[in-house]
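Work through the following exercises with the model open beside you, and try each task before you read its solution.

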Amino acid sequence: MCKQSFPHIISSSPYNLSNMSVDVEKTTDLKEVANILSNAYHSILQHTTLPEQSTIEHLDQLIKYADYLPFSWFTMHFIDTILALKDTFEQSKQLEALDATTVLLEGWIRRLSSDTATLDTPTEKRLSVVMDFFLRILSSLNNEYLSIQKNAWKGWVSFVGITRKVIYPDTILLKGMTDTIVLYVRTNDELRNNYLGEMIDAGVAHALSRTNALNDFEVDVCQELLEAEIQFSSIRHEGYRGIMTAMEHVMDIRSKQSPQSKVDADISSLVKMVTHIMDQPVEPVGVHLARLASLAGVLRMLQYHKGKSTKKILEFKGRAEEVFVKQLDIVLETITLDLHVNELRKNQDILSLLASACILQVSDALIKGMENTSILLKTLTSCLLTSPYTFNNGDILHRLENTPEMVAEVHQLTQNPLFKDIGRICRTIGKVIEVLLDSKKSILPVQSIVDRLLGISYNTYFDWDEFIMKYSSMSMTPEENVNYKKLEGEAWTVLKSMAFGFTVILKSIAVDVSDGQGLIQLPHAVQDILSIYANLNFIVEHFGEGAARQAYQDILTNSVAFLLLEDNHCQLNKFLSTAFKEYASSNFVYDRVDSVELLSMIKQSRLTFFLDLVEQVMKDIDDSVFEKDILPVIYPVLKWRRIENKNLYESAHTVIISAFTAEKEVCMELAGVYAQILINNYPDSMNLEQFRYGFTTLIQSLCEMNDALAWLTVNLLIVKIHSLQSDKELTRRNEYITALIDLLKPLSLGPFFPSILDEIKTLIVNEQSRTIQTAIMKILFETVSGTGISDMRRVEAVGWFLELKHQLKL
């Protein structure tokens, strides 16, 4: 389970120079760095003797390694010096220098928080001064202090959770955080919210995970802080993800405590906090969503609890799931009201984030109990397909241009957190679909999803084809070529995410619903699924071995099986007829170039998918559909002497072989034509193994239909062998003879077996080379003595072979 990491509030790095792992202006000599910092440190202590600019430069040197300065350097004298400089720079409005002093003071506070020794009176006095300064800076609404406020916040928060008695107990620290956040919510400055938002989220996460105020007597102050954070999150775009991740962090830290009774008590308090907040009076929809986000963070960690799953933990999980589903149901209805129509896109993205975080682990019974399951499905789908942070109706693929700006835009999209959640969103869609179909509640929303996926697949197919065609024929400079490869790589991230995501969704329909009810309940779902994969075949053919490939194969297996049912033959033939008519040549305009020859590689990939489908369902294809719609499309591909697309070429031949195997009527007319194609294409576009397999399968099928036609077809090969007489053609002649010997097996059951024996005998006897005769006889022996020869003819064949061998004196 992936979790967003927070900026470190308390550095875990040792505070000594020997552990430094970063450089000062690429300096790697630690001794030199130590000398620079030591000189800066002592110069600061004597700042009254230096020009002000020199003092600022020495401060800059120190803050570069603020996390690594030894604790022993933070003497009372040094702290007093920094406080004095702080006052000077604050009065003179030298904000960069003031920020440097804040960094050092924040570093001192963090070191105090990790030191177990009791604070003495001088230290407490200075601590009070520093903390008062931090709180005063945090209360400023001047945006010039934003960088300083970030460091002040880190310092203030770092003291939360200190177990020893100090002058700043957690209740005061948490109240200071709450007051600061409330102030920022009230002013609602977008610049401030964006600049400090992540740090504030991290601070709240740290405070709630470390505070010792999470108990029955002081929990109110924790509740107030969480409520303030909810309000703050509701006014920021990334606030919802931020508060959810913050609560995940809190739960993660609390669940790792010991003993178990402490874990149970703290998780109980957290669950009560977030569920109590959900019971508060209804706030604006943004606040309601932020409340739900805080609950989602807690629930998600309960669902993926790594500690001991005690009875209490399971009870907390069950309670949190019930509240989450109930509130999700309420907010789903709320966001669809006309009042919130202008914020629908933003709200559906937020809801999809929260729902996908938790729904996967929620029981089907709870989901079935929701009143707005259909709205949930529509919301998730709209987020997936129309959000500017996901596929956005394929807009970015439609606008692809070979420019550095476009590379940056696509990269920015793929790095967006919501885009990275696409897999989880698709799995959630799949689960909701499965629940709807199992319960037979409503199939219209599910059918709508399939229709939308089909539309996006067509857009993607056309846009990517146009992009590839545009730049494949364009001459580019070396710089443009480098940029094109970067763009193509980034775009493939989008394409693969789309194919993987669609596969997850379609699997829920075609595979996961029991007894094939998903395909039965949705009219034309199978045709749509096959069309989607045809459009995206240029992506799917790059699937490696793994879960995605297996899911894809399972979907196709079930879809094809559904179409092969007797009641669905009409649908099958109508679907294939329509699909292949797209590639048919015009019947009214003469053109020497067949339409299939003009297809781009992307369009050829789509045709390959349909050919592979035809091969699987050949027995159930009507003869008229095969002869009139399919055969004219693949006939030009069969004649290729120079292979443009290996997959398409092999699929076309496989379809013809399967047609002969299925004994289609047209095969009687096709036999001679296809045999001649095989003979002419070898060896330019196929190897000997492929030629032998194709010709043998062809004759095997013809023998089962018409022995005379089979023998006539064999004679085409014999004629070819006799036509090859020159020395240059000797090798090919012998290869054709090898193929002819293969035909003994299918012809052994028919009346023309003696004829082929005579023909082979003549060819061998007339062969002048004893070496070639010996080689052919060896192949012949393996054939007549092996499997495939009819038992009735085996004795005849062996006797014939021995007689021939005796005649040749071999």
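Helices, which are numbered from the N terminus, are DSSP runs of at least four residues. The structure is a predicted model.

**Exercise 1. Decide how helix 10 and helix 11 are oriented to each other, and describe their contact.**

First take the geometry: helix 10 (residues 239–255) and helix 11 (residues 260–278) pack at an angle of about 160°, and their axes are 9 Å apart. Next apply the cut-off, by which angles over 145 degrees count as roughly antiparallel; helix 10 and helix 11 are therefore roughly antiparallel to each other. Helix 10 contributes Met247, Val250, Met251, Arg254 and Ser255 to the contact, while helix 11 contributes Lys262, Val263, Asp266, Ile267, Leu270 and Val274. Sorted by class, this contact has seven nonpolar, one polar and three charged residues.

**Exercise 2. Is Arg254 buried or exposed, and which residues does Arg254 contact beyond its neighbours within four places in sequence?**

Start from the location of Arg254, which is in helix 10. Its relative accessible area is 2%, and buried means under 20%, so Arg254 is buried. Leaving aside neighbours within four places in sequence, the residues in contact with Arg254 include Leu208, Ser209, Arg210, Thr211 and Leu214, as well as Lys262, Val263, Asp266 and Leu270. Look finally at Ser209, which is 45 residues from Arg254 in sequence but 6.2 Å away in space, C-alpha to C-alpha; the backbone oxygen of Ser209 lies 3.3 Å from a polar atom of the Arg254 side chain.

**Exercise 3. Work out where the model should be read with caution.**

The protein averages a pLDDT of 90, and 95% of the residues score at least 70. Over residues 1–27, however, the pLDDT is below 50. Where pLDDT is low, the predicted coordinates should not be read in detail.

Note on methods: Residues numbered from 1 in each chain as written. Predicted model: local features only at pLDDT ≥ 70, side-chain atom pairs only at ≥ 80, totals over all residues. Heavy atoms only, no water. Axes fitted to C-alpha atoms, helices over the stretch in contact; angles between N-to-C directions. Helix = DSSP H or I, 4+ residues; strand = E, 2+ residues; numbered from the N terminus. Parallel < 35°, antiparallel > 145°, perpendicular 65-115°, else oblique. Contact = heavy atoms within 4.5 Å. Nonpolar A, V, L, I, M, F, W, Y, C, P; charged D, E, K, R; others polar. pLDDT = per-residue confidence, 0-100. Buried < 20%, exposed > 50% of the residue type's maximum accessible area, 1.4 Å probe, protein only. Polar contact = N/O pair within 3.5 Å; in protein donor to acceptor, adjacent residues only side chain to side chain.
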